[in-house]
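Student: Hi! Could you walk me through this protein, starting with the big picture?

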Amino acid sequence: MAKYERKSVRDGHTPLIVSVTKYIPYDGIPHAGGQYAKDHFDALSGIARLVAVAPSTTANRDAATRPGAPPEAVLIEGTGLLRAGRAKLLTDLASAWRGSDAQGFFRRATATPEWPWQLIADADVVEFQWSEMASLAPLIRARFPEKPLVIVAHDVITQRWNRAAGATKNPLARTAYSVAARRSATREHADFSAADRIVVFSEKDAALVRELAPAAHPVVVAPGFRLGSTPAEGSEEEPVVLFTGALGRPDNDRAVRWFLQKVWPRVIEQVGDARFVAAGSGPGRGLRRLVAKSHRAELTGFVPSLDPYYAAARVFVAPVLTGAGVKFKTVDALVRGLPIVATPVGAEGIEREDVFVGVTDDPVRFADLVVAALRGAHAERAAAGGQWAAEVYGMDAFGRRVRALYGQLMPDRLA
């Protein structure tokens with residue numbers, strides 16, 4: 001059996017869900033997708049026994065020992081020179097060339113004794129967290145034609161590559177991104193077509209799934225968010241503009257660069273005591289240099305909790321230009337009642353545009369909206385948006401949606 005496995009024996013009574021997942025979630029996992037997976041696992045634990053099957057990477061081996069990790073997990077080391085997550089950059093490049101599929105060593109392990117086929121056979125539902133892991137859905141569908149399969153598509157990767165191609169001025173990079181988009185479209189068509197349900201986070205992504213795979217069955221399940229601290233009006237002397245996100249990700253790096261270069265100078269001209277804070281881990285050297293020479297701007301690096309930063313902020317910005325899917329950072333700020341200025345990409349997937357201070361990718365207009373919010377405009381709109389978001393994206397509602405969906409796929413087991 002696989003290394004680092006905590007063995008699972010089916011008890012014959014509790015429904016069994018096997019989750020083929022890119023990352024092992026745990027309490028405090030430092031990225032939004034991992035937090036979604038954690039909340040998703042917790043919601044399902046109320047109705048089923050859940051076993052995670054994941055690549056045996058350094059991050060996952062560490063995650064499996066953390067508080068809040070799934071109590072049962074199978075970590076697959078696989079075969080080949082890049083097994084067990086070695087040379088991550090090469091592994092990621094190879095995955096992108098194949099259409100952003102599961103890591104090669106993980107996929108090849110399906111032909112070895114490591115792969116837990118008996119666990120898959122016993123499962124009442126097999127799910128795939130992240131679109132990359134869904135590349136195994138056609139293989140499992142071929143082996144188990146009647147097995148209910150669910151893909152949780154955190155975003156539609158084809159759109160991510162298409163946007164990256166459109167955003168770059170480098171012709172070689174544009175060609176590479178375009179090739180990746182075409183390969184990803186072929187792969188996602190096959191994967192989405194193989195599943196019984198594709199969980200997406202917005203109607204926009206549901207439409208993308210139908211466009212790629214007309215026979216697919218996307219279901220919108222709005223992600224859940226805990227209601228954290230809200231801004232304390234008048235408690236901060238400095239008017240703080242906040243951005244949050246994993247800054248090692250190119251989409252977030254690009255967003256902060258655009259904001260600092262195109263928007264922030266106009267804001268600081270009009271509100272001289274404003275301060276911009278980018279809270280998140282992994283900023284690159286170039287971004288650190290840019291922030292250091294920008295007036296009244298700072299990076300936090302990794303922080304154990306974003307609550308103090310949201311509480312101190314007067315305005316949240318989502319100047320995202322590339323990427324795909326609902327931006328969890330935007331929803332997190334929304335449920336806290338913060339005024340938000342966003343680009344169309346930063347706001348996408350959220351049904352109501354009227355909950356934002358404004359949505360624009362024009363840097364002058366973006367700056368003017370931030371200034372208006374810093375001066376107290378749109379406070380009532382932000383409060384109303386927060387109330388609406390709490391109802392739509394609250395954890396209780398999220399748990400009910402997830403359990404209802406999976407209950408439909410195994411009604412006899414939950415009777």
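Tutor: Happy to! This is a predicted model. Of the contacts in the protein chain with a separation of 6 or more, 70% are between residues 24 or more positions apart.

Student: Okay, and how many helices and strands are there in the chain?

Tutor: The protein chain has 18 helices and 13 strands.

Student: What percentage of the residues is buried?

Tutor: Buried residues account for 55% of the 415 in the protein chain.

Student: Let's look at the open sheet. In what order do its strands come?

Tutor: The order is β3-β2-β1-β4-β5-β6-β7, so seven strands in an open sheet with parallel pairing. At the edges sit β3 and β7 (218-220), and each of these pairs on one side only. On average, neighbouring strands of this sheet are turned by 20° against each other, direction ignored.

Student: Which helix packs on the sheet by β6 and β7?

Tutor: Helix α9, residues 203-212, packs there and touches both β6 (197-200) and β7. The direction of α9 makes about 180° with that of β7.

Student: Back to β3. How many bridges join it to β2?

Tutor: Four bridges join β3 to strand β2 (residues 49-55), and the two run parallel. Ala 52 has Ala 73 in β3 as its bridge partner, and Val 53 has Val 74.

Student: New topic: helices α16 and α17. At what angle do their axes cross?

Tutor: The axes of α16 (residues 379-393) and α17 (residues 395-409) cross at roughly 30° and come within 5 Å. Angles under 35 degrees count as roughly parallel, so α16 is roughly parallel to α17.

Student: Which residues make that contact?

Tutor: From α16 it's Glu 391, Val 392 and Tyr 393, and from α17 it's Met 395, Ala 397 and Arg 401. By class, the contact of α16 with α17 has four nonpolar residues, two charged ones and no polar ones.

Student: I'm curious about backbone angles too. What's the phi of Trp 130?

Tutor: Phi of Trp 130 is near 80°, which is a positive value in a residue other than glycine. Most residues other than glycine have a negative phi.

Student: Where is Trp 130 found?

Tutor: Trp 130 is in the loop between β4 (125-129) and α6 (137-143). Trp 130 has a relative accessible area of 9%, and buried means under 20%, so Trp 130 is buried.

Student: What about Arg 296, what's its phi?

Tutor: Arg 296 has a positive phi as well, near 55°. Arg 296 lies in the loop between α11 (285-293) and β10 (297-299). The relative accessible area of Arg 296 is 28%, so Arg 296 counts as partly exposed.

Key. Residues are numbered from 1 along each chain as its sequence is written. This is a predicted model: local features need pLDDT of at least 70, side-chain atom pairs count only at pLDDT 80 or more; totals for chains, interfaces and linings use all residues. Side-chain values use heavy atoms; hydrogens and water are left out. Buried means under 20% relative accessible area, exposed over 50%, partly exposed in between (1.4 Å probe, protein chains only). Axes are lines fitted to C-alpha atoms, for helices over the stretch in contact, and angles run from 0 to 180 degrees between N-to-C directions. Angles under 35 degrees count as roughly parallel, over 145 as roughly antiparallel, 65 to 115 as roughly perpendicular and the rest as oblique. Contact means heavy atoms within 4.5 Å. Ala, Val, Leu, Ile, Met, Phe, Trp, Tyr, Cys and Pro count as nonpolar, Asp, Glu, Lys and Arg as charged, and the others, Gly among them, as polar.
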